[in-house]
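This report covers a ligand site and the salt bridges of one protein model. The sequence and structure are shown first.

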Amino acid sequence: MNKLAFEKPITLTTLSQLKKNNKKIASLTAYDALFAELISTSGIEVLLVGDSLGMVLQGHDNTLPVTVDDMVYHMRAVSRGNRGSLIMADLPFMSYASPDQSLESAAALLRAGAHVVKLEGGAWLAESTRLLFERGIPVCAHMGLTPQSINRFGGFRVQGRNPDQASTMIEEAVILEEAGASLLLLECVPVDLGKSITERLEIPVIGIGAGPYVDGQIMVMHDVLGLTLSNLKTPRFVKNFLAESKQGIPGAFADFGEAVRTGTFPSKEHCFF
Ligand code: KIV
């Protein structure tokens, strides 16, 4: 590996330690070697090879067309550019419909360089999460707005606004932690729910549109740079850090990390209530 951006490579232990010490975690998506290097050397602890690549790179309206082969291709490139961040990779739509299938898909991504795989869903993922954990594959559970279920939700909508839905989400997050999930990614939920889930879990909770009280923040790298395809809508939780960067693109990534660490991002305008 070339020069590390951190004293030591970031691991799940580093992230747990950050949570214990009340320090925030910064995470951005990356899909190729060059941006992986820029983001990693800007001090961002976690790189996500997100299936959002179906939208921001491939031009689809949602993430459903993305395949395991697509993910493996981008995962390999990101792994080559990474300089010590932890790399998480999405298992794409229908690549983890059964525990055995999740093992096979996750293995392909770990062979390509991923350190953690991310699966969208709730309690139904407990068996797969346990199986992956027992086989040495760390899992990040993704709850709240899970974009692979867009057809069930009827669009990209805030989740957990109704009290019953919110308490079910808390219960299911606990089930996934008990099944062995190492991280939780929480997308588009009201601030209070983000706070309750984060306080309830021991594992780090990384949010996107989940308010300021989670343990870390993640954004799609194109959003940090203010770049959006014309068929996509810019969500409320997005902030363009390039607009005020004094050091171009690397400065925008570093400013995002700093804003997460100091708690200046997200502010009220990026949150749901
Ligand atoms: O695929 C993706 O980019 C995500 C977002 C939540 C960051 O999962």
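The sections below treat the model, the ligand and the salt bridges in turn.

## Model

The model is predicted: local features need pLDDT of at least 70 and side-chain atom pairs count only at pLDDT 80 or more, while totals for chains, interfaces and linings use all residues. Residues are numbered from 1 along each chain as its sequence is written, and side-chain values use heavy atoms, with hydrogens and water left out.

## Ligand surroundings

## Polar contacts and burial

A polar contact is a pair of N or O atoms within 3.5 Å. An N or O atom in the side chain of Ser52 is 2.5 Å from a ligand oxygen. For Asp90, a polar side-chain atom lies 3.0 Å from an oxygen atom of the ligand, and for the side chain of Asp51 the distance to a ligand oxygen is 3.1 Å. The ligand alone exposes 260 Å², of which the protein buries 95%, by the Shrake-Rupley method with a 1.4 Å probe.

## Salt bridges

Counting a side-chain nitrogen of Lys or Arg within 4 Å of a carboxyl oxygen of Asp or Glu, there are 6 salt bridges. One of them joins Glu37 and Arg83, with an N to O distance of 2.8 Å. This pair links distant parts of the chain, 46 residues apart: Glu37 is in helix 2 (residues 33-41), and Arg83 is in the loop between helix 4 (68-81) and strand 3 (86-90). Helices (H or I, at least four residues) and strands (E, at least two) are DSSP runs, numbered from the N terminus.

How values were computed: Polar contact = N/O pair within 3.5 Å; in protein donor to acceptor, adjacent residues only side chain to side chain.
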